[in-house]
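Keep the structure open beside you and try each task before you look at its solution.

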Amino acid sequence: LAIMLGLPSVAREERRLVEKAREVLQFVGIESRKDDLASSLAYGELRLLEVAVALVARPTLLLLDEPVAGMNSTETAGFMETLARIRSTGVTVLLVEHDMKMVMRVSDRVVCLNQGRIIADAPRRRSNAIRMSSAPILARGTLVLRVEGLTCRYGKVTAVSQLSLEVHRGELVSLIGANGAGKTTTLKAIS
(Lines give C-alpha, C1' and ligand atoms only; values in the text may rest on other atoms or scores of the structure.)
Protein backbone atom coordinates (compact mmCIF):
# COMPACT_ATOMS: atom_id res chain seq x y z
CA LEU A 1 0.00 0.00 0.00
CA ALA A 2 2.82 2.41 0.89
CA ILE A 3 4.39 1.77 -2.53
CA MET A 4 1.13 2.42 -4.37
CA LEU A 5 0.60 5.64 -2.42
CA GLY A 6 4.19 6.77 -3.02
CA LEU A 7 4.76 7.58 0.64
CA PRO A 8 8.04 9.32 1.57
CA SER A 9 9.10 6.32 3.65
CA VAL A 10 9.24 4.21 0.46
CA ALA A 11 11.51 6.71 -1.28
CA ARG A 12 13.79 6.89 1.80
CA GLU A 13 14.02 3.10 1.94
CA GLU A 14 14.80 2.90 -1.78
CA ARG A 15 17.59 5.50 -1.41
CA ARG A 16 19.00 3.55 1.55
CA LEU A 17 19.00 0.30 -0.43
CA VAL A 18 20.65 1.92 -3.46
CA GLU A 19 23.36 3.39 -1.22
CA LYS A 20 23.93 0.00 0.45
CA ALA A 21 24.23 -1.64 -2.98
CA ARG A 22 26.82 0.97 -4.05
CA GLU A 23 28.80 0.42 -0.84
CA VAL A 24 28.92 -3.34 -1.35
CA LEU A 25 29.81 -3.03 -5.05
CA GLN A 26 32.63 -0.66 -4.08
CA PHE A 27 33.76 -3.06 -1.34
CA VAL A 28 34.15 -5.92 -3.84
CA GLY A 29 35.71 -3.65 -6.45
CA ILE A 30 33.04 -3.44 -9.16
CA GLU A 31 31.26 -0.16 -8.39
CA SER A 32 32.22 1.15 -11.83
CA ARG A 33 29.92 -1.51 -13.33
CA LYS A 34 26.89 -0.58 -11.19
CA ASP A 35 24.76 0.45 -14.19
CA ASP A 36 25.65 -2.59 -16.31
CA LEU A 37 23.59 -5.74 -16.71
CA ALA A 38 25.05 -8.77 -14.93
CA SER A 39 25.13 -10.58 -18.30
CA SER A 40 27.68 -8.03 -19.56
CA LEU A 41 30.17 -8.60 -16.72
CA ALA A 42 33.41 -10.50 -17.21
CA TYR A 43 33.55 -13.87 -15.48
CA GLY A 44 35.63 -12.61 -12.54
CA GLU A 45 33.34 -9.61 -12.09
CA LEU A 46 30.31 -11.89 -12.10
CA ARG A 47 31.82 -13.94 -9.28
CA LEU A 48 32.44 -10.72 -7.34
CA LEU A 49 28.82 -9.71 -7.93
CA GLU A 50 27.71 -13.06 -6.47
CA VAL A 51 29.80 -12.35 -3.37
CA ALA A 52 28.35 -8.81 -3.19
CA VAL A 53 24.81 -10.22 -3.19
CA ALA A 54 25.75 -12.47 -0.27
CA LEU A 55 27.44 -9.63 1.63
CA VAL A 56 24.34 -7.43 1.49
CA ALA A 57 22.76 -9.88 3.94
CA ARG A 58 25.61 -9.12 6.42
CA PRO A 59 26.53 -12.78 6.99
CA THR A 60 28.61 -14.00 9.90
CA LEU A 61 29.61 -17.05 7.83
CA LEU A 62 30.25 -17.00 4.08
CA LEU A 63 30.34 -20.33 2.21
CA LEU A 64 32.32 -20.23 -1.05
CA ASP A 65 32.51 -23.20 -3.43
CA GLU A 66 35.41 -22.87 -5.88
CA PRO A 67 35.06 -19.11 -6.30
CA VAL A 68 38.16 -18.74 -8.50
CA ALA A 69 37.50 -21.73 -10.77
CA GLY A 70 37.89 -20.50 -14.34
CA MET A 71 39.47 -17.18 -13.34
CA ASN A 72 42.75 -15.99 -14.80
CA SER A 73 45.64 -15.09 -12.48
CA THR A 74 44.73 -11.38 -12.39
CA GLU A 75 41.11 -12.14 -11.46
CA THR A 76 42.28 -14.67 -8.84
CA ALA A 77 44.62 -12.10 -7.27
CA GLY A 78 41.77 -9.57 -7.16
CA PHE A 79 39.46 -12.13 -5.58
CA MET A 80 42.09 -12.88 -2.92
CA GLU A 81 42.24 -9.15 -2.11
CA THR A 82 38.46 -9.13 -1.78
CA LEU A 83 38.67 -12.11 0.60
CA ALA A 84 41.17 -10.18 2.72
CA ARG A 85 38.75 -7.22 2.90
CA ILE A 86 35.88 -9.56 3.82
CA ARG A 87 37.97 -11.10 6.59
CA SER A 88 38.92 -7.66 7.89
CA THR A 89 35.23 -7.13 8.70
CA GLY A 90 35.19 -10.23 10.91
CA VAL A 91 33.20 -12.42 8.51
CA THR A 92 34.09 -16.10 8.78
CA VAL A 93 34.74 -17.93 5.50
CA LEU A 94 34.45 -21.63 4.72
CA LEU A 95 36.08 -22.17 1.33
CA VAL A 96 36.19 -25.10 -1.08
CA GLU A 97 38.93 -24.54 -3.63
CA HIS A 98 41.29 -26.51 -5.90
CA ASP A 99 43.77 -23.67 -6.45
CA MET A 100 46.29 -24.71 -3.80
CA LYS A 101 48.42 -21.56 -4.12
CA MET A 102 45.34 -19.53 -3.29
CA VAL A 103 44.36 -21.87 -0.45
CA MET A 104 47.78 -21.59 1.13
CA ARG A 105 47.81 -17.81 0.79
CA VAL A 106 44.40 -17.08 2.29
CA SER A 107 43.60 -19.87 4.77
CA ASP A 108 43.98 -19.95 8.52
CA ARG A 109 43.27 -23.67 8.52
CA VAL A 110 43.20 -26.32 5.84
CA VAL A 111 40.91 -29.34 6.26
CA CYS A 112 41.53 -32.25 3.91
CA LEU A 113 38.69 -34.65 3.04
CA ASN A 114 38.94 -38.10 1.51
CA GLN A 115 35.90 -40.26 0.80
CA GLY A 116 33.75 -38.00 2.95
CA ARG A 117 35.99 -38.10 6.02
CA ILE A 118 38.40 -35.56 7.46
CA ILE A 119 41.90 -36.99 7.13
CA ALA A 120 43.78 -33.81 8.17
CA ASP A 121 42.90 -30.56 9.91
CA ALA A 122 45.82 -28.23 10.46
CA PRO A 123 46.67 -24.55 10.65
CA ARG A 124 48.30 -23.09 7.58
CA ARG A 125 52.06 -23.30 7.85
CA ARG A 126 54.14 -20.37 6.77
CA SER A 127 56.49 -21.17 3.93
CA ASN A 128 59.29 -19.29 2.25
CA ALA A 129 58.33 -20.95 -1.03
CA ILE A 130 54.91 -19.26 -1.17
CA ARG A 131 54.43 -15.59 -0.37
CA MET A 132 51.65 -15.51 2.18
CA SER A 133 49.04 -12.80 2.42
CA SER A 134 49.38 -10.10 5.02
CA ALA A 135 46.28 -11.49 6.73
CA PRO A 136 47.36 -12.80 10.13
CA ILE A 137 46.62 -16.28 11.30
CA LEU A 138 43.95 -15.39 13.83
CA ALA A 139 43.58 -16.70 17.35
CA ARG A 140 40.39 -18.67 17.75
CA GLY A 141 37.45 -16.42 18.47
CA THR A 142 33.77 -17.06 19.08
CA LEU A 143 32.45 -20.32 17.68
CA VAL A 144 30.44 -19.58 14.52
CA LEU A 145 29.83 -23.08 13.21
CA ARG A 146 29.84 -26.51 14.80
CA VAL A 147 29.08 -29.58 12.74
CA GLU A 148 28.95 -32.91 14.57
CA GLY A 149 28.59 -36.32 12.95
CA LEU A 150 27.40 -35.04 9.54
CA THR A 151 26.55 -37.89 7.19
CA CYS A 152 25.20 -37.34 3.67
CA ARG A 153 24.14 -40.00 1.20
CA TYR A 154 23.15 -40.01 -2.44
CA GLY A 155 21.15 -43.22 -2.68
CA LYS A 156 23.44 -45.97 -1.38
CA VAL A 157 26.60 -43.88 -1.81
CA THR A 158 27.87 -42.15 1.33
CA ALA A 159 29.36 -38.81 0.27
CA VAL A 160 30.14 -37.54 3.78
CA SER A 161 30.56 -39.79 6.80
CA GLN A 162 30.48 -38.66 10.43
CA LEU A 163 32.14 -35.32 9.66
CA SER A 164 32.70 -32.99 12.62
CA LEU A 165 34.08 -29.48 12.25
CA GLU A 166 34.27 -26.23 14.19
CA VAL A 167 34.86 -22.82 12.64
CA HIS A 168 35.46 -19.67 14.68
CA ARG A 169 34.74 -15.99 14.09
CA GLY A 170 37.06 -14.41 11.55
CA GLU A 171 38.65 -17.68 10.43
CA LEU A 172 39.08 -18.66 6.83
CA VAL A 173 38.95 -22.44 6.68
CA SER A 174 39.56 -24.22 3.38
CA LEU A 175 38.20 -27.66 2.58
CA ILE A 176 40.41 -29.49 0.12
CA GLY A 177 40.48 -32.95 -1.42
CA ALA A 178 40.11 -34.80 -4.68
CA ASN A 179 36.92 -34.59 -6.72
CA GLY A 180 34.28 -36.65 -4.96
CA ALA A 181 35.88 -36.21 -1.52
CA GLY A 182 32.72 -34.60 -0.07
CA LYS A 183 33.69 -30.92 -0.02
CA THR A 184 30.73 -29.49 -1.94
CA THR A 185 28.33 -31.90 -0.27
CA THR A 186 29.56 -30.64 3.10
CA LEU A 187 28.93 -27.01 2.09
CA LYS A 188 25.48 -27.86 0.74
CA ALA A 189 24.57 -29.64 3.97
CA ILE A 190 25.77 -26.71 6.06
CA SER A 191 23.88 -24.17 3.99
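**Exercise 1.** Which residue takes a positive phi in the hairpin of strand 5 and strand 6?

Before you start, note that this is a predicted model, where local features need pLDDT of at least 70, side-chain atom pairs count only at pLDDT 80 or more, and totals for chains, interfaces and linings use all residues. Residues are numbered from 1 along each chain as its sequence is written, and side-chain values use heavy atoms, with hydrogens and water left out.

*Solution.* Step 1: find strand 5 at residues 143-154 and strand 6 at residues 157-168. Strands here are DSSP runs of E with at least two residues, helices are runs of H or I with at least four, and both are numbered from the N terminus. Step 2: look at the two residues between the strands; G155 has the positive phi, near 65°. Step 3: follow the pairing, which is antiparallel over eight bridges. Two strands count as paired if DSSP finds at least two bridges between them. Along this pair, L145 stands opposite V167.

**Exercise 2.** In what order do the five strands of the open sheet lie?

*Solution.* Step 1: the order is 1-2-7-3-4, with mixed pairing. Strands of a sheet pair through backbone hydrogen bonds, either parallel or antiparallel. Step 2: check the edges. Strand 1 and strand 4 (117-123) each have a single partner strand, so one side of each is left without a neighbour in the sheet.

**Exercise 3.** Describe how strand 3 pairs with strand 4 and with strand 7.

*Solution.* Step 1: strand 3 and strand 4 run antiparallel and are joined by six bridges. V110 has A122 as its bridge partner in strand 4, while N114 stands opposite R117. Step 2: these two strands form a hairpin with two residues between them, and Q115 in the turn has a positive phi of about 50°. Step 3: turn to strand 7, which pairs with strand 3 in the parallel sense over four bridges. Here C112 stands opposite I176. Step 4: consider burial, where buried means under 20% relative accessible area, exposed over 50%, and partly exposed in between (1.4 Å probe, protein chains only). Five of the six residues of strand 3 are buried, so this strand is largely enclosed by the rest of the structure.

**Exercise 4.** Which residues of the largest nonpolar core touch the most other members?

*Solution.* Step 1: recall that a nonpolar core is a set of buried Ala, Val, Leu, Ile, Met, Phe, Trp, Tyr and Cys residues joined through side-chain atoms within 4.5 Å. Step 2: among the 22 residues of the largest core, the answer is V51, L62, L64, F79, L83, V93 and M102. Step 3: zoom in on V51. Leaving aside its neighbours within four places in sequence, V51 is in contact (heavy atoms within 4.5 Å) with V28, L62, L64, F79 and I86. Step 4: another core, of 17 residues, lies apart from the largest one and includes L94, C152, A159 and A181.

**Exercise 5.** Which residues of helix 6 are buried, and what do they pack against?

*Solution.* Step 1: within residues 183-190, the buried ones are K183, T185, T186 and L187. Step 2: these buried residues pack against strand 1, strand 2, strand 3, strand 5, strand 6 and strand 7.
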